[in-house]
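Welcome, and please open the structure in your viewer. We will go from stop to stop, with something to select at each one.

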Amino acid sequence: MKQLLPIALALLAPLPVLAQGAPAPAAKSAFEMDRADILAMAGTYKVKFDMQESTSWRADYTPIPVKVSGGNEVVRVIEDNGKTIRLQHLLVVDMGEGKKMVIKHWRQDWQYEPAKVLVYSDRDAWTWAEVPAAERKGAWSQTVYQVDDSPRYGGWGKWTDVGGQRRWESNRTWRPLARRDAVRGPVYDRYLGVNRHAIAPAGWIHWQDNIKMDGKAVPIVQEYVLNSYTRFSDFDVKAADDYWAATKGYWAAIRAEWDRIAAAKGGIRITEEADHGTVIAGRVLEIADEIQAGKMTEADAIKTAKALMDQATKAAN
């Protein structure tokens, strides 16, 4: 009996508490993954723009040679309220002798489940397009703006997994000519294209599949564009950040004024020119430089630019 007592006591003792591992992290929602991919485009990069006309759709048209260019670009998140993300691109050009030039480049705005999108509709005109309810759920629009924050093109689509790689793909969108083509006086005057974006280990890529068309929607030639953004910071990033710090208030007012015009006039109608984009783009950019140089106050700059914008735009409908 005495021999059984230790065994009985051992059975009555409380069981040891087993150590528990930390709970597994909750899986990210599709919305959270989408946001992460969009925000991952911010950073500093060496950019390569690779543009190639491939197949001619007209017997008397010969595709132009491949055009490859590039530069150093800073991409900053200038607004993020959850369902709206704005990314501003700034080019930094080395002018030699220690001089740097910052060029306010394009801007991309992302909107979750948008009801409507400002799209390019015809020469010098952008109008509102309703996003069908069936296509809206889980979708993001991407609206791209020109150097003066006037619209360039807009579209919508979803981030999906294709072959193990997440990518965003737009619907087919109309776009005005880029400067690389506009300055040549080509036989086409617009693009019908699909845009795709994907995050890569070294950065991200933006690639386009464009049909270059004339005003009668006749296809002229096929173009493939691959813009590669590779992480790189061995350039004067501070020049870009200094420019933005000095001018961000001005550009916020410009964005707001374009929004007001688009709402009040049913879209935006403004004349485009080959060298600059809109006819006022050159001056709107110069005003920003004058703010940074201390030649104009921000208030006077905003007042001057708003007057230019209102005078140059017409009702879109």
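Start by selecting Val-187, which sits in the loop between α4 (179–182) and β11 (190–200). Helices (H or I, at least four residues) and strands (E, at least two) are DSSP runs, numbered from the N terminus. This is a predicted model, in which local features need pLDDT of at least 70 and side-chain atom pairs count only at pLDDT 80 or more, while totals for chains, interfaces and linings use all residues. Residues are numbered from 1 along each chain as its sequence is written, and side-chain values use heavy atoms, with hydrogens and water left out.

Now show what surrounds Val-187: leaving aside neighbours within four places in sequence, it is in contact with Arg-58, Tyr-61, Asp-214 and Ile-220, where contact means heavy atoms within 4.5 Å.

Next, select Leu-308 in helix α7 (residues 298–312). Leu-308 counts as partly exposed at 24% relative accessibility. Not counting residues up to four places away in sequence, Leu-308 touches Ile-280, Arg-283 and Ile-287.

Now colour the aromatic rings; the structure holds 12 aromatic pairs. Rings of Phe, Tyr and Trp (its six-membered ring) pair if their centres lie within 6.5 Å; planes under 30 degrees apart count as stacked, over 60 as edge-to-face and the rest as tilted. Select Tyr-45 and Trp-204, an edge-to-face pair at 6.4 Å centre to centre with 85° between the planes. This pair links distant parts of the chain, with Tyr-45 in strand β1 (residues 43–56) and Trp-204 in strand β12 (residues 203–213), 159 residues apart. Both Tyr-45 and Trp-204 are buried.

Move on to Trp-110 and Trp-159: the ring centres are 5.9 Å apart and the planes are at 35°, so this pair is tilted. Trp-110 belongs to strand β4 (residues 99–112) and Trp-159 to strand β8 (residues 151–162), 49 residues apart. Trp-110 and Trp-159 are both buried.

For the last stop, select Phe-31, Tyr-112 and Trp-140, which ring pairs link into a cluster.

Methods: Buried means under 20% relative accessible area, exposed over 50%, partly exposed in between (1.4 Å probe, protein chains only).
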